[in-house]
Amino acid sequence: MNSSVENKFKVVIVGAGPAGIGIAIGLAKGGIQPIALIDRADRIGGLPAKYVVKKKGIPTFMVWTRARVLFGQQYVEFLQQELDRTDTRVHLNAQVISVNKASKEITLVSPDLGRQVWKADSIVFACGARERTITERGWISGKRPARVYHTMQLLDLLDGNACLPMKHPVILGSDLIAYSAAAKLRIAGAEDATMLDKAPSPKSNPAERLYFRWWCQPTWTSNKQPVSIQGSDGTKTVETKDGRALECDGVVVSGELLPNSELAAAAGLEVSMPNRLPILKGKSSFSEPGWFATGNVIGGFHGAQWCYFHGRKVAKSVVDYLTR
Amino acid sequence: MELKNTTKSGQAGWVRYCCKEGDCNEGVRFKNTDPLNEEPYDIAIIGAGVVGCALAYELSQYQSRVILIEKAFDVGEGTSKANSAIIHTGFDAAAGSLESELVSSASREWPDMAQKLKVPMVQTGAIVLAFSEDQQKQLAAIQQKSVDNGVTDNEILDATTVRKLEPNVNPNVRGGLRVPRESIIDPFAVSIAFAEVALSNGTDILFGAEVNSITETDQSVKTVHVNKDLKIRCNIIINVAGLWSRAVADQYKGEAFHINPRRGQFLLYDKTCRKLIEHILLPIPTKKTKGKLIAPTIFGNILTGPTAEDLPYGSNDANDTTQEGLEEIEASTHQMCPSLADQPVIAAYAGLRCNCQEGSYFIRFNDMHPGIVTVTGIRSTGLTSSFMLARYIIDGMKEQSGLNLIRNTKAKNSRDESSWPGWWKPPYENEDKLASCPDYGKMICYCENISSGELRDALCSPLSPQTTDALKRRTRAHMGRCQGFNCGVPIIETVRDHSEIPMASVTKRGPGSNWISPQVQKEAR
Ligand SMILES: Cc1cc2nc3c(=O)[nH]c(=O)nc-3n(C[C@H](O)[C@H](O)[C@H](O)COP(=O)(O)OP(=O)(O)OC[C@H]3O[C@@H](n4cnc5c(N)ncnc54)[C@H](O)[C@@H]3O)c2cc1C
Ligand SMILES: Cc1cc2nc3c(=O)[nH]c(=O)nc-3n(C[C@H](O)[C@H](O)[C@H](O)COP(=O)(O)OP(=O)(O)OC[C@H]3O[C@@H](n4cnc5c(N)ncnc54)[C@H](O)[C@@H]3O)c2cc1C
């Protein structure tokens, strides 16, 4: 069933979030084809696609060029329009399960295509990032009750299912994403969250906090010591070493992104551990020629628009590499 | 004692869950019309840990009517889900003990048993590492102990050989003792497989069923009271309730024994570092502790631990991880294998050993009453010994309770080929399977590459999971490096849709552990 599928490309892009779309557009403008843009989700847009446009919702995707703040989905519409001006093939529901450094091949699995091995002259990782798990943070231990969530799960519940999972949240983490989680919960009907982080003051900057003050006013708790999550069935408290017990009926372990660099690492491309940061020249190319990374997979926190433009910029390096 | 042998040969048992309407799939919810109070059961097993499940499996090879009673919402929800997942040879057991005998005979049969049960198992071998001259001298004594335990296929290695076999151990290593048959296994699948086979042979299984009193203990037909409203009548009771065996034994005033939990915490490393080690790496045990090991897992991770913390009597739900505990593990295992220090840890967990002050493998037939069996103190080796222990118990009941058992020649002792878990034999590698069912190509768990087809298969398996944890233990979805960031909610939705229950009723491990807080429901009303 797979023989009819094209299996050789100039460029294969893993991930169709802002960065992957940015690079696809940049490559199309540079006259490179054929390209394959692959995503395991059922739609393009990556993380922003999870932020549904809602009447009583909160826009968080900053588009500084136009001095606007948008809902994620509005931003994805913009990306879709840009992409439609090119004739890039997008393959959705397709998970890239491995890449081969020596042969420059990727293996993907999808319900429509089955299992495919595709070859390319250049391969770009635009796989985005996920949040650090409890244990990865190094200061959270305790039990493993129900209702300890990451922000993505919160989005899937609040926006995807119109379902509020907790009334009295504790948020562990204090960056921009943590604040957006606090705001989303508040708007959906939860109480203002208690926000706790192992930091002297919140990690998000004052301008961001000012923006979120409009929607929510979480109680900030600074904490130098480790904490533990308690509750034998559902989450009950977050306990600190100095004897405080923050009562809650759910916890969101929020923010602190780690790059989705495991495909690259498994293939033997250079990735530094334990922080999973791809080792890149000029924030975009691996030492192995023809392998690139763009968007949040390069490490750190970057907004959607930044990732899109990063993709556009890295496209130039890929074009240079291919036409050299 | 003659059993009624009421099993209609070839007929499968039933599985039911005790809970409120709407809390689980209506088709498997226990209703009062379900047949509990007709003919008494021959045997009631209290506790569906790996020992209870193995007992059900072994008993199902005979003509007998058995019920397995478990308070949790799945098998193996107690100590059996949080251990080192090693099939021991028993090389370091106390020679001549019952434990040593059962572990060593089980370990020889495990390769065959794992094939029958379709449980992934790999013989990696273990190396006991010596890092000082003093430790090096102890290797000979450990080797002698191993030989005394009947484990003769071992060898003492010099430092060069150890470094060649395990290039990432601390270069200060002085030597080691290699025990080739130590193996790693999927610990969850063991309980599940035993229970599934028993079920297909006619064993009934009741979940969400907490035994809270036992009456008519001296009659030939005894009554087990469950959840304060159900009565199960039976001839023989086997108490294999692990940490809770004392509480259950109190219900029939069994012989005195004392249990305290001994906690073992673990750290789990990302698959990216699996290639760092080949063998299970063990330190030289001290008088106080066996020490902390570094072991590959069958799933492709590395695990380190466990701690050994004696907790007060009764702290049976203290399966917390603690900062101190995790740091203690890191300190000693990083010393053994320094490269681990740079590797990403993805999760931590803890299990509670059932530590019996009167000694391990504390077993009483006719415990103060004819037909009541107490099995406790299965502390550190129950996963390995499980089915041999079950056979030992059955033999004991034959001898000491005059139990007369007849083989059921129609009984199955294995699971079907299709029972191999998808993570072990990925459906996406099988072109025909993938072509025939596109769901095997739709990934839900991105870290472990688990498809919606595999989730569906698990949900349709004989011991159909009703909770997200039960689904996770069968498929590995949610067990990868992102710990549910991506697949958490899709898994909740999958259970909701399959069980036909509202989102608010989906639980992590049974009623009370709802994914949607009951406080949201209450205040919305
Ligand atoms: C919880 C959370 C909240 C955030 N909130 C904001 C916000 O409010 N405002 C903001 O500006 N930024 C926010 N960010 C930052 C966000 O990551 C960026 O805005 C932007 O989405 C990054 O773009 P990207 O293309 O690098 O990655 P992503 O948007 O994450 O896209 C990566 C894509 O790659 C796909 N993919 C990954 N691996 C594979 C594979 N193996 N095979 C196939 N497909 C694959 C994924 O499905 C995904 O669609 C948030 C991030 C997180 C994690
Ligand atoms: C840290 C650690 C590491 C280990 N490593 C290994 C190893 O590598 N290899 C190995 O072979 N073994 C190992 N073990 C030991 C092994 O895990 C145990 O011996 C085994 O799981 C014990 O099984 P069980 O069935 O006796 O107990 P459990 O699994 O605890 O089962 C008892 C069951 O009874 C149920 N129950 C209790 N009370 C009631 C009631 N009133 N009514 C109904 N049901 C009830 C409970 O819910 C539970 O499911 C380890 C243990 C620990 C803690």
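Begin by selecting strand 7 (residues 105-110) and strand 8 of chain A, where a hairpin carries the chain from strand 7 to strand 8 through three residues. The two strands pair in the antiparallel sense over six bridges, and at A:T107 you can look across to its bridge partner in strand 8, A:V117. Helices (H or I, at least four residues) and strands (E, at least two) are DSSP runs numbered from the N terminus, and two strands count as paired if DSSP finds at least two bridges between them. What you are viewing is a predicted model, in which local features need pLDDT of at least 70 and side-chain atom pairs count only at pLDDT 80 or more, whereas totals for chains, interfaces and linings use all residues. Residues are numbered from 1 along each chain as its sequence is written, chains are lettered from A and ligands numbered from 1 in the order in which they are written, and side-chain values use heavy atoms, with hydrogens and water left out.

Now move to another sheet of chain A, an open one of four strands in the order 10-15-16-17 with mixed pairing. Its edge strands, each pairing on one side only, are strand 10 (140-142) and strand 17 (245-247). Neighbouring strands of this sheet are turned by 30° against each other on average, direction ignored, the axes being lines fitted to C-alpha atoms, for helices over the stretch in contact, and the angles running from 0 to 180 degrees between N-to-C directions. Within the sheet, strand 16 (residues 237-240) and strand 17 of chain A run antiparallel and are joined by three bridges, and A:V238 has A:L246 as its bridge partner.

For the loops, select A:P34, between helix 1 (18-29) and strand 2 (35-38) of chain A, where the peptide bond from A:Q33 is cis, with omega near 0°. Then select A:E256 and A:R132, which form a salt bridge with their closest N and O atoms 3.9 Å apart; a salt bridge is a side-chain nitrogen of Lys or Arg within 4 Å of a carboxyl oxygen of Asp or Glu. This pair links distant parts of the chain, since the two residues are 124 residues apart, A:E256 in the loop between strand 18 (250-253) and strand 19 (257-259), and A:R132 in the loop between strand 9 (129-131) and helix 3 (134-137) of chain A.

Finally, show both chains: 58 residues of chain B are in contact (heavy atoms within 4.5 Å) with 52 residues of chain A. The area buried between them is about 4500 Å², of which carbon and sulfur atoms give 55%; buried area is the accessible area (1.4 Å probe) that two parts lose on being put together, summed over both. Across this interface the rule finds four salt bridges, and to see a salt bridge between the chains, select the side chains of A:E262 and B:R481, which meet at 3.9 Å, N to O. End on helix 12 of chain B, which gives the largest share, six residues, of the side of chain B that touches chain A.
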